[in-house]
Amino acid sequence: MAARVILRVPDRQLLGAYEEALRGGWSPNTTRDVAPEQLSAIESDPDGFLAGLLARGGRIRLNDGSEVDKIPDRTRWVFAQDRSGEPFVGSINLRWLEQPEGRPVEVLPPHVLGHVGYSILPAFAGNGYATAALAAMIGEARDIGLPRIVITCDASNHASRRIIERNGGRLL
């Protein structure tokens, strides 16, 4: 049976589950551990943290410490639908650039590794949740008008490659 997920817009009601995952050692960023800074931001201003997560515009810090303009994106928290209820299992986001009239374009700035990034809690990995979340996010990409998306993963990351391929992706 295929995993079933719900993608939810982050909000105050869901923040506790997200915070618990961060405290458990999970990070939504697969290239650096952002859990400590996110926990600090949530502790000092939970509503500000959520607003920043969902805001258009502003600046973001890259892994090398430099800052760049934030491009349009959608962040969704992934919840499983299973016998135990609806546990928080990870996050997924969609990033894109827009033309001046607001239409999305496929091209991304060099610091953006792909249109979609996802991270599943280790306890839930291997159960199809990332595959289901990516399928749902591909639907959101179509809704905003992206005809094609690019997703990258390390050559050695066979699990992520299978997730991408199960959603119609192909290795380039």
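Student: How many residues of the lining of the second largest pocket are nonpolar, polar and charged?
Tutor: Quick caveat: this is a predicted model, where local features need pLDDT of at least 70 and side-chain atom pairs pLDDT 80 or more, while totals for chains, interfaces and linings use all residues. Numbering starts from 1 along each chain, and side-chain values use heavy atoms, without hydrogens or water. Take Ala, Val, Leu, Ile, Met, Phe, Trp, Tyr, Cys and Pro as nonpolar, Asp, Glu, Lys and Arg as charged, and the others, Gly among them, as polar. The lining then splits into 12 nonpolar, four polar and six charged residues.

Student: Which residues are closest to the centre of that second largest pocket?
Tutor: The pocket (an open set of 1 Å grid points where a 1.4 Å probe fits, with protein on both sides within 12 Å along at least five of seven lines) holds about 670 Å³, counted as space filled by probe spheres on points joined across faces, edges and corners. Helices H4 (129-144) and H5 (158-166) each give two or more residues to its lining. Of the 22 lining residues (an atom within 4 Å of a point), the closest to the centre are Ile-149, Ile-151, Ile-164, Gly-169 and Arg-170.

Student: Which residues does Ile-151 contact, leaving aside neighbours within four places in sequence?
Tutor: Ile-151 sits in the loop between H4 and H5. With contact meaning heavy atoms within 4.5 Å, its partners are Val-116, Tyr-118, Leu-134 and Ile-164.

Student: At what angle do the axes of H1 and H2 cross?
Tutor: Leu-15, Tyr-18, Glu-19, Leu-22 and Arg-23 of H1 meet Ala-35, Gln-38, Leu-39 and Ile-42 of H2. That contact has six nonpolar residues, one polar and two charged. The axes (lines fitted to C-alpha atoms over the stretch in contact, angles 0 to 180 degrees between N-to-C directions) come within 9 Å and cross at roughly 140°.

Student: What is the radius of gyration of the chain?
Tutor: The chain has five helices and eight strands (DSSP runs, H or I of at least four residues and E of at least two). For 172 residues the globule rule gives 16 Å, and the chain comes close to that, so it is as compact as a globular protein of that length. Taken over C-alpha atoms, with the rule being 2.2 Å times the number of residues to the power 0.38, the value for this chain is 16 Å.
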